[in-house]
Amino acid sequence: LGHNIHFHDKKIALLEAGPRKEYDHLPDSYSNRVSSISPGSATLLSSCGAWDHVCSLRFKPFRRMQVWDACSEAMIVFEKDDLDDMGYIVENDVIMSALTKQLDAVADRVEVFYGSKAVGYTWPLPSHSCDTSPWVQVELADGRRLQTKLLIGADGHNSVVRKKAEINNIEHQYDQSAVVATLHLSEATDNNVAWQRFLPTGPIALLPLSDNASSLVWSTSHDHASELLAMDEESFVDSINSAFWSNTNHSDFIDAAGAMFRSAISLLRPSGTAVRQLPPSVAKVDPESRAMFPLGMGHATEYVQHRVALIGDAAHRVHPLAGQGVNLGFGDIACLADHLSAAAFSGSDLGSLKHLLKFETERQRHNVSLIAATDVLKRLYSTTLAPLVLLRTWGLQATNALPPVKVRI
Amino acid sequence: LSLFRFTVKRPFSTSHSSVDSKEMKKFQLLAHKWWDEEGEYAALHSMNDIRVPFIRDTLLSMSSNYHLGNPLSGIKILDVGCGGGLLSEPLARLGASVTGIDPVEDNIRTADRHKSFDPVLAKRIQYKSSSLEEIVEESMETFDVIVASEVVEHVADLEMFISCCSQVLKPEGSLFITTINRTQLSYVLGIVVAEKIIGIVPEGTHEWEKFVPPEELERLLESNGFSVKTVNGMLYNPLSGSWSWVESRSLNYAVHAVKSGARAQSQATDTAPETDTAGTAP
């Protein structure tokens, strides 16, 4: 918003609990928190000039995504026909650093309060009884008071803004935690493919960072996650390789059924079965790079209220299996920025529900289906029961063969 | 219905004023309801979605140096019949210096109070409880733009109103009017349905006899030194609560006219009203 011309004479305050994060000098090791940035999100970041900084720091484009089942041979491959990048794996710290630089560039309009915390909010009364200020009052931990026409809550899945605004949140804790780590591959390779395998305990994904390093995101039960963190490095690496390579979960029945379906498809659509590539094997894990965090799903019943808007994880929280969490958030931002920009150019009060509701409708329509689909996928792939495995095997193979469906995904 | 063979009598006003005191009383009762976006004035709030871009884009297209972040900066606007300031505020936010006048004191009080919370608006807008005639003497040729939105269907003497507009407007200044046409359709939809049936307009707000057909408005404007540039039809959708531009002017319509240049004589011959569609944001 700070870079938006229609916000030329508006004042924006950003409350950031953490310290200022900027890289003067890129550390050699990779951070273990990374995100898969979609091309759409990259466009958003470049519209405010941040993507250039990301490119000058470091990031890894990937061209292909191979997703397959541990219980069968079914597999689906995503790639763009025109050899364009499908997405980019970027460390979160790199994105933060890029954004910090761009915030500096509009410091006259955007004031960032690092290390700050809001301790109280005073909401405005209904607009037509204005004897008190009709704006939102925010009280900071250091005693300062701010007032604003629009409060945007981007404070994560435990959003305080959402709670204080008394917006209901439908939430559900998965019995899973995600284990992240930075891995070194046995041999250097082009490494422009993202890999994900659905194990009965949860999906394991390998996201490329460079020609010989990848980032791990392994969603599994809390107990298993703690085990993985506790084991020594060699055992950890073995578990990862075995997760990707072992076929213990296959059953002959499923394999046969799958093979039959596959030959049926190749009769109907010769190009419908893609070549199976083999994922890389892992040699080493970066010490200190192992970490875990619990997973859950959440969706706020309302994204907006008079003078309040929720974006990102504050509005919706999703399982990492689709790699979409942060992209949904970027999508929220692009949409909200559009509506606010049009509102500013029409001289409207920025906190007015009229355009906020348009943002909410647009995003809810988009987000709800994706969040529901991700949840369904997670549940569908959490089982070894033959009928469901068969269903998802055939479903995956069919989806792989149908370009229109794949493109939509 | 024999209503439509009414011969419309212009109310004979003995007062030297375009203000109709009966009209004033109607608005007094609702003075505190202006800023409830979902209340009685909801339709006026949502009219901002088309009338502000209309004014903004017309003025932008007439000027050569402007800043998209502050499109109306440096422009002095008079909002006649400003009510609670619904239109004054967005225009001021876009950078204009706005003077809002309204004969109903309670309206001005509401408008003043509402703008007082915003330091930027408080500086850019001045409200005055007054009729148009009362400010003519001290404001000759002062304003770049006059906006009279949803006003001319309430005035007692339309010709005097327009003449006063001409006096306080700078040469080549713009006059924007939105009002309601006097047709069978506007009686049925504008009064019967809007006021009595679905209540999107407070009952008794409008009197059909005072609605102004665009032809009559154009005639009055042209004979008072204005050149009519644009006449666009507007339509309100009560289900979605939003306004849109339409071909037909049989209900609501908006007019943009420009006061002719330095010469005081009105150029009656060479100004044929051109109608072009506006209303698309850049």
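In helix α3 (residues 88–93) of chain B, B:Arg93 and B:Glu89 lie four residues apart, about one turn of the helix. Helices here are DSSP runs of H or I with at least four residues, strands are runs of E with at least two, and both are numbered from the N terminus. B:Arg93 and B:Glu89 form a salt bridge, with 3.4 Å between the closest N and O atoms. The term salt bridge stands for a side-chain nitrogen of Lys or Arg within 4 Å of a carboxyl oxygen of Asp or Glu. Side chains of opposite charge can pair when their charged atoms come close. B:Arg93 is buried, at a relative accessible area of 11%, and B:Glu89 is also buried, at 1%. Buried means under 20% relative accessible area, exposed means over 50%, and partly exposed lies in between (1.4 Å probe, protein chains only).

The structure is a predicted model, in which local features need pLDDT of at least 70 and side-chain atom pairs count only at pLDDT 80 or more, whereas totals for chains, interfaces and linings use all residues. Residues are numbered from 1 along each chain as its sequence is written, chains are lettered from A and ligands numbered from 1 in the order in which they are written, and side-chain values use heavy atoms, with hydrogens and water left out.

Over all chains, the whole structure holds 17 salt bridges. One of them joins B:Asp106 to B:Arg109, where the closest N and O atoms are 2.4 Å apart. These two residues are three residues apart in helix α4 (residues 105–116) of chain B, so about one helical turn separates them. B:Asp106 is partly exposed, with a relative accessible area of 24%, while B:Arg109 is exposed at 52%. A further salt bridge links B:Glu138 and B:Lys128, at 3.5 Å from N to O. B:Glu138 is in the loop between α6 (132–136) and β4 (143–149) of chain B, and B:Lys128 is in strand β3 (residues 125–129) of chain B, so the pair ties together parts that are 10 residues apart in sequence. B:Glu138 is exposed, at 56% relative accessibility, and B:Lys128 is partly exposed, at 37%. Shared partners also join B:Glu105, B:Asp106 and B:Arg109 into one network of salt bridges.

Elsewhere in chain B, helix α7 (residues 158–168) has these buried residues: B:Leu158, B:Phe161, B:Ile162, B:Cys164, B:Cys165, B:Ser166 and B:Val168. At the start of α7(B), a side-chain oxygen of B:Asp157 comes to within 3.2 Å of the backbone nitrogen of B:Glu159. B:Asn181 is placed in the loop between β5 (169–180) and α8 (184–197) of chain B. B:Asn181 is buried, with a relative accessible area of 7%. When neighbours within four places in sequence are left aside, the residues in contact with B:Asn181 include B:Ser186, B:Phe211, B:Arg249 and B:Tyr253. Contact means heavy atoms within 4.5 Å.

Chain A contains 11 helices and 20 strands. Of its 409 residues, 48% count as buried. Among the contacts in chain A with a separation of 6 or more, 75% come from residues 24 or more positions apart. A:Leu295 is part of strand β17 (residues 291–300) of chain A and is buried, at 4% relative accessibility. The C-alpha atoms of A:Leu295 and A:Ser221 are separated by 9.9 Å, although the two residues are 74 residues apart along the chain. Leaving aside neighbours within four places in sequence, A:Leu295 is in contact with residues including A:Gln173, A:Tyr174, A:Ser219 and A:His319.

Between the two chains, 22 residues of chain A are in contact with 26 residues of chain B. The area buried between chain A and chain B is about 2000 Å², and carbon and sulfur atoms give 52% of it. Buried area is the accessible area (1.4 Å probe) that two parts lose on being put together, summed over both. Two salt bridges are counted between chain A and chain B. B:Asp118 forms a salt bridge with A:Lys149, and the closest N and O atoms of this pair are 2.9 Å apart. On the side of chain A that touches chain B, the elements that give two or more residues are α8 (325–345) and α9 (353–380) of chain A.

Notes
Polar contact = N/O pair within 3.5 Å; in protein donor to acceptor, adjacent residues only side chain to side chain.
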